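Dear colleague,

I am passing on the structure that we talked about, and I would be glad if you could look it over before reading my notes.

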Amino acid sequence: MLEQGVTNRGAPGFRPAPRLSEINQRFVDKNQVSKTEGSSLARAGTSLRDRLLQQNIETTPDAELRKTLQKAYLGERLSAAEGLLLLNRADLLTLGGLATRAKERFHPEHAVTYLLDRNINYTNVCRIGCDFCAFYRREGESDAYVLKNEVIFEKIAETIAAGGTGVLMQGGVNPKLKIDYYEDLFQGIKSRFDIHLHALSVIEVEGIARVSRLSLDETLERLKAAGLDSIPGAGAEILVDEIRLDQSPVKRHSHRWIDVMKIAHAHDLPTTATMMFGALEKPEHIIDHICKIRDAQDETSGFYAFIMWTFQGENTELLEKHPDLKETSAVDYLKVVAVSRLMMDNIPNIQGSWVTMGPKVGQTSLHFGANDMGSIMMEENVVSAAGTSHELGRNGMINLIRRAGFRPLQRDAYYNILQRHELSEPTETAH
Ligand code: SF4
């Protein structure tokens, strides 16, 4: 519980979170303007890219694919069958061109954003035990931990000193940690720091409710009152039960992830949505996942970004069970990014994953529909536990965006622009 008389509103420089509708509306407005600018293939767009795209589409021999490409070009909503057709049969560069057009409806300014924040994994104890996870430990294992609050405060102070504006705080589903622990921690953070708290996940929120014997409504309301600003979409993996329950039998059915997100949105807690793929699913499962999130977004408008990454296998039970499982190729990753941008016509931001795919593929995703490079991440423990470790300082991030031909912009958690770097700006101000 919050200490009597102390709320997060007492934090220095406290800024109240914008309401959900305010976060997404500015992008939706741009999208509506852009959509009305062209209503046919002949009228829409005159750039060289658009002319080449039109030519590619018009000369596509497969009539069904041609019709779907035309719909995508015009920014019309694509059905699940049409999304699958694009994923399976469209060529890579046409998808990239179409996704870039779709991105420009939300983000016409030819710029790419990044965030400076830190991942803090407050505990690695987890009762769930997903096959694809190399991070978790069971209670009592020698390297199981729960970070002391003082250690977390120190990490946040370092983050702020380095110019960071947020923390992404996640852990396992630790059965020992009830809501009082989180209220004490969140209130402690907010009373000390002006920092955005993007924390927990659906499965953690469910775990807190369960051990605290609270409803989800009450749990979310109390977490929000203690300082929770937004919830990461982690733990969605693939929202198709035959995949999800096979990989994480203790996790609940797919609809639970959506249900909890809707409850969070009803409490005006914005969230991201995610997808982890490359772990035995089929293309139709990826499309099903995208459609489920798009449907939920039609109802709540609570997702402000869609973030996808690929399964990283080292040290996971899933790879032990399926040693022949191949890593997702860059081409397959980029196709999924592009089709996601084309189908997610109601989520403004799509993030490229340089953390799992590496900086070069992350950079390439900026030409396949991604408008954001995510976080520089001063600390990352989950993906690195699965054997993948890419590092990118602030200079590296800025240069990566520049070399892809975009203006780098530092943003905050809600995609407000904090700093505009010129294309030719020297990087001596960077950390
Ligand atoms: S992915 Fe999350 S829920 Fe699953 S085992 Fe790892 S920490 Fe636990």
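What follows is a short account of what was found in it.

Please keep in mind that this is a predicted model, in which local features need pLDDT of at least 70 and side-chain atom pairs count only at pLDDT 80 or more, while totals for chains, interfaces and linings use all residues. Residues are numbered from 1 along each chain as its sequence is written.

Q351 has its place in strand β7, residues 349-351, and is buried, with 24 other C-beta atoms within 10 Å (20 or more are needed, with C-beta atoms placed from the backbone). Although Q351 and F306 are 45 residues apart in sequence, their C-alpha atoms are 6.5 Å apart in space.

As for the ligand, C126, I128, G129, C130, C133, F135, Y136, G172, V173, I203 and S248 surround it (each with its C-beta atom, placed from the backbone, within 6 Å). By class, this shell has eight nonpolar, three polar and no charged residues, where Ala, Val, Leu, Ile, Met, Phe, Trp, Tyr, Cys and Pro count as nonpolar, Asp, Glu, Lys and Arg as charged, and the others, Gly among them, as polar.

Note on methods:
Helix = DSSP H or I, 4+ residues; strand = E, 2+ residues; numbered from the N terminus. Buried ≥ 20, exposed ≤ 12 C-beta atoms within 10 Å, placed from the backbone.
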